[in-house]
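The sequence and the structure are shown below.

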Amino acid sequence: MSVGAELLAELKHRAVCCIDEAKAKLHSLSKDIWSCPELAYDERKSHDTLVAFFRQEDGWKVDSHFKLDTAFRASWGAAGGSEPGDVVNVGFLCEYDALPTIGHACGHNLIAEVGAAAALGLKAVVENSSSSLPVRPQVTVLGTPAEEDGGGKVDMLREGAFEGLDVVFMAHPSKEDAAYLPCVAEQDVTIKYNGNASHASAYPWEGINALDAAVLCYNNLSVLRQQMKPDWRVHGIIKHGGVKPNIIPAYTELEYYLRTPSRSELPVLKAKAEMCFRSAAVATGCEVEIQFARNKYDNMLRNATLEGLYERNGKALGMDFTVDEDVLKNESGSTDFGNVTFVVPGIHPYFYIGSNALNHTEEYTDAAGVHQPIQTHHYLYLCVSI
């Protein structure tokens, strides 16, 4: 074994030992977040729990309200270098928002745990090895709220929170181990129709039926699907459809998610959907208000180099990566980490948590809060993939 290979093996072993020693408090961190699910932009207890965690660790500088009220930054290591390019700033991301009514059914408590663990592991690797490393690493942890709704990472990108980072990592719980799963571009839209109320039996001709507009909107989009590309998605609900059968509804509201495989296609689908929204208003005589969400989610920009390193190290440590093409090619979810990948190189791999429950279900909430800590090697992969 070469000197370089021996050094790398020693550094990996140091990370393993550090994370093994910390696994009880890391699991406690995850359980505390899981036990108090909070919605997007309101993750105050989870935020405070993570801030307290890093303040109790030696050497970390913590900015408790970094760019957003429930975001934070914890940093350790070199603040600068004597020569250009001699410092590499490695970022790990923690998510911690939950879903309405079903809590941590996407396992964001585990994302926070893994991000914290990976950061501690990397710190242990480089803390006493600066003289033997070709660059001086800085370790940065960003607490990123509001992934499930709103796009907190997009807000933080806009505010410059990712400036200075050279590479970013996060890992998502799943039913399988995978270095990459497709994530698509997405934008939310709310459609509001305003008509005139009237007695539905006595003088319906005096009313303008906003529910008719909502139904036409829904049907317009259903008809549009025949002309949509096979990998485009439009799905939504009627959030408000009226108050009583004998009152012609004066107000209705729908919410839709629009998804395309790439961010370049999303404006095309948005334009088609908007014609469906507006034509329903014209047909019924209603006024329409269309509110596209402030932040859209970009698709994931792949990084084959980082994915390859992640998978190679993962296999060496016992991960069983899926080879199911139906899984690997299933363009399903969306994440604001996609926006990050267009600014900073990074990966968003997936790790198996010992359950075949589907995410965004009560069964997955239970799986995410399981009492046994995640096996140590899951924490390690983000560290060793560097």
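## Contacts and overall dimensions

Within the chain, 80% of the contacts with a separation of 6 or more join residues 24 or more positions apart. The model under discussion is a predicted one. Along its principal axes, the C-alpha atoms of the chain fill a box of roughly 85 × 45 × 40 Å.

The chain has 386 residues, and 52% of them are buried. Its accessible surface comes to about 17700 Å², with 51% belonging to carbon and sulfur atoms. The secondary structure consists of 11 helices and 12 strands.

## An open antiparallel sheet

Part of this secondary structure is an open sheet of 4 strands, arranged in the order β8-β9-β7-β10 with antiparallel pairing. Strands β8 (233–240) and β10 (287–292) form the edges, each pairing on one side only. From one strand to the next, the twist averages 20°.

Inside the sheet, strand β7, residues 185–194, pairs with strand β9, residues 251–260, in the antiparallel sense over 10 bridges. Ala185 has Thr260 of β9 as its bridge partner.

## Helices packed on the sheet

Two helices may be described together with these strands. Helix α5, formed by residues 210–224, packs on the sheet and touches β7, β8 and β9. The direction of helix α5 makes about 15° with that of β9.

Helix α6, formed by residues 266–284, also packs on the sheet, where it touches β7, β8, β9 and β10. The direction of helix α6 makes about 10° with that of β7.

## Nonpolar cores

Which residues touch the most other members of the largest nonpolar core? In this core of 51 residues, they are Leu26, Phe54, Trp60, Phe72, Phe92 and Val141. Helix α3, spanning residues 108–127, supplies the largest share of the core, with 12 residues.

Leaving aside residues up to four places away in sequence, Trp60 touches Phe54, Ala74, Ser75, Trp76, Ala119, Leu120, Lys123, Val139 and Val141. Phe54 and Val141, both in this list, are also among the core residues that touch the most other members.

Note on methods. Residues are numbered from 1 along each chain as its sequence is written. This is a predicted model: local features need pLDDT of at least 70, side-chain atom pairs count only at pLDDT 80 or more; totals for chains, interfaces and linings use all residues. Side-chain values use heavy atoms; hydrogens and water are left out. Two strands pair if DSSP finds at least two bridges between them. Axes are lines fitted to C-alpha atoms, for helices over the stretch in contact, and angles run from 0 to 180 degrees between N-to-C directions. Contact means heavy atoms within 4.5 Å. A nonpolar core is a set of buried Ala, Val, Leu, Ile, Met, Phe, Trp, Tyr and Cys residues joined through side-chain atoms within 4.5 Å. Buried means under 20% relative accessible area, exposed over 50%, partly exposed in between (1.4 Å probe, protein chains only). Accessible areas come from the Shrake-Rupley method with a 1.4 Å probe; for residues, only the protein chains shown count as cover.
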